[in-house]
Amino acid sequence: MLDKLCLAATPWTGTMERLKLAWSLHASGQRDQGRQLLVECFMSLLPYAMFHKNCDLIADYREALRCVLDATWAIMCIYQLDGSAEDVSNLEKFIAGAKRTAQMDVKQRAAVLAIRGRLSGTTDAEGETLLRKAVALNPQEGKWRYVLGWMLQERRKRSGKPSKEEVELLREAYRLRKNPDTILRLARTILEQGRGKEAERLVNEALTLYPNHPRVLTNAANIMSMLTHISESETFRMMRALYLRAQDEVGERAFIHFRLANLARMQGDLLLAAKHLDAARRLNPRALNHITTGSQ
């Protein structure tokens, strides 16, 4: 997971991924590592562009994000208490000073619900309920529509055609909050409707707007693999070029080498495939083992 944080479409998404991973580490007993990642999440709230990259979502929903981060910090701290009166008192003061959702305007409250829904996972019924409430409270926020559409898409696992609701959610997300995520998620759903040329146009739009974004480069390659109106040789050529461009942006990553190895294997170049697999194993042997064995 840490290997892929470089692919976050926006600083907001990167913060969400770190927050989810921080809680996962905490829950599995790796509490110091979890708290460290949570501190990185708090850093996105600092008033310096180097930490939030002028992200519009963080600017718009800073108050809601702070609320969720404060609550997560308080819960983690409960497990770290050593029983001293001073530590208990400090935590009580921290909790007392945290802003409640009842004190927020409707857009911030919607954002708190959406963040909680996003962190619940794509198969969680409560997460869907929270996201639907967020969309109802703030129907003009494309991000919440995007997350709900993404949840519906992931549940299908490419089985069956996208529902009308999924398509409408992702089209509205694209219209209201255009970014790498909303463009490419819509492209995938459109492609799964059998509309390859429209999906290709969306991929090209993303590559034009964000030519050096690693998320765009890798996702564009993934979507290219599903296009049927382009020759196989041209598809392989474009995919390899996109993965190599992504590697130029983020440096060597095990998952990129693994995808390049798959491409080489599919083209019959077993020597090149072995070279990329060796590089992936060197960079992240544990992750490669999960990929090659299908472990979850």
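Helices (H or I, at least four residues) and strands (E, at least two) are DSSP runs, numbered from the N terminus. By that convention, Lys-53 lies in the loop between α3 (49-52) and α4 (56-60).

This is a predicted model, in which local features need pLDDT of at least 70 and side-chain atom pairs count only at pLDDT 80 or more, while totals for chains, interfaces and linings use all residues. Residues are numbered from 1 along each chain as its sequence is written, and side-chain values use heavy atoms, with hydrogens and water left out.

## The loop between α3 and α4

Most residues other than glycine have a negative phi. Lys-53, which is not a glycine, has a positive phi of about 50 degrees. Asn-54 is found in the loop between α3 and α4, and its phi is also positive, near 55 degrees, in a residue other than glycine. For accessibility, buried means under 20% relative accessible area, exposed over 50%, and partly exposed in between (1.4 Å probe, protein chains only). Lys-53 counts as exposed because its relative accessibility is 57%. Asn-54 counts as exposed at 61%.

## Packing of helix pairs

Two packed helices are described by the angle between their axes and the distance between the axes. Here, axes are lines fitted to C-alpha atoms, for helices over the stretch in contact, and angles run from 0 to 180 degrees between N-to-C directions.

| Helix pair | Axis distance | Angle |
|---|---|---|
| α2 (31-43) and α5 (62-80) | within 11 Å | roughly 160 degrees |
| α12 (196-209) and α13 (214-224) | within 10 Å | roughly 165 degrees |
| α9 and α11 (180-192) | 11 Å | about 35 degrees |

Angles under 35 degrees count as roughly parallel, over 145 as roughly antiparallel, 65 to 115 as roughly perpendicular and the rest as oblique. Helices α2 and α5 are therefore roughly antiparallel to each other. The description roughly antiparallel applies to α12 and α13 as well. A crossing is left-handed if the near helix is turned anticlockwise from the far one by less than a right angle, and right-handed if clockwise. The crossing is left-handed for α2 with α5, for α12 with α13 and for α9 with α11.

Contact means heavy atoms within 4.5 Å. In residue classes, Ala, Val, Leu, Ile, Met, Phe, Trp, Tyr, Cys and Pro count as nonpolar, Asp, Glu, Lys and Arg as charged, and the others, Gly among them, as polar.

Between α2 and α5, the α2 residues include Arg-31, Asp-32, Leu-38 and Phe-42, and the residues they meet in α5 include Arg-66, Leu-69, Trp-73 and Tyr-79. The residues of this contact divide into 9 nonpolar, 3 polar and 5 charged.

Where α12 packs on α13, Val-203, Ala-206 and Leu-207 of α12 meet Val-216, Leu-217, Ala-220, Ile-223 and Met-224 of α13. This contact has 8 nonpolar residues, with no polar and no charged ones.

In the contact of α9 with α11, Lys-143, Tyr-146, Trp-150, Gln-153, Glu-154 and Arg-156 of α9 meet Asp-181, Thr-182, Arg-185, Arg-188, Thr-189 and Glu-192 of α11. The division is 2 nonpolar, 3 polar and 7 charged.

## Helices α5 and α7

The expected span of a helix is 1.5 Å times one less than its number of residues. The 19 residues of α5 should therefore span 27 Å, in agreement with the 27 Å between its end C-alpha atoms. Helix α7 has 15 residues and reaches 21 Å from its first C-alpha to its last, close to the expected 21 Å.

Among the buried residues of α5 are Ala-64, Leu-65, Val-68, Asp-70 and Met-76. Their cover includes α1 (11-27), α2, α6 (85-97) and α7 (106-120). The buried residues of α7 include Gln-108, Val-112, Leu-113, Gly-117 and Arg-118, and what covers the buried residues of α7 includes α1, α4, α5, α8 (125-137) and α9 (142-156).

Arg-109 is in helix α7 and is partly exposed, with a relative accessible area of 32%. Not counting residues up to four places away in sequence, Arg-109 touches Thr-101 and Met-104. The C-alpha atoms of Arg-109 and Ala-134 are separated by 7.9 Å, although these residues are 25 apart along the chain.

Arg-253 sits in the loop between α14 (232-250) and α15 (254-266). Leaving aside neighbours within four places in sequence, Arg-253 is in contact with Asp-3, Cys-6, Gln-247 and Leu-283. Arg-253 and Leu-152 are 101 residues apart in sequence and 29 Å apart in space, C-alpha to C-alpha.
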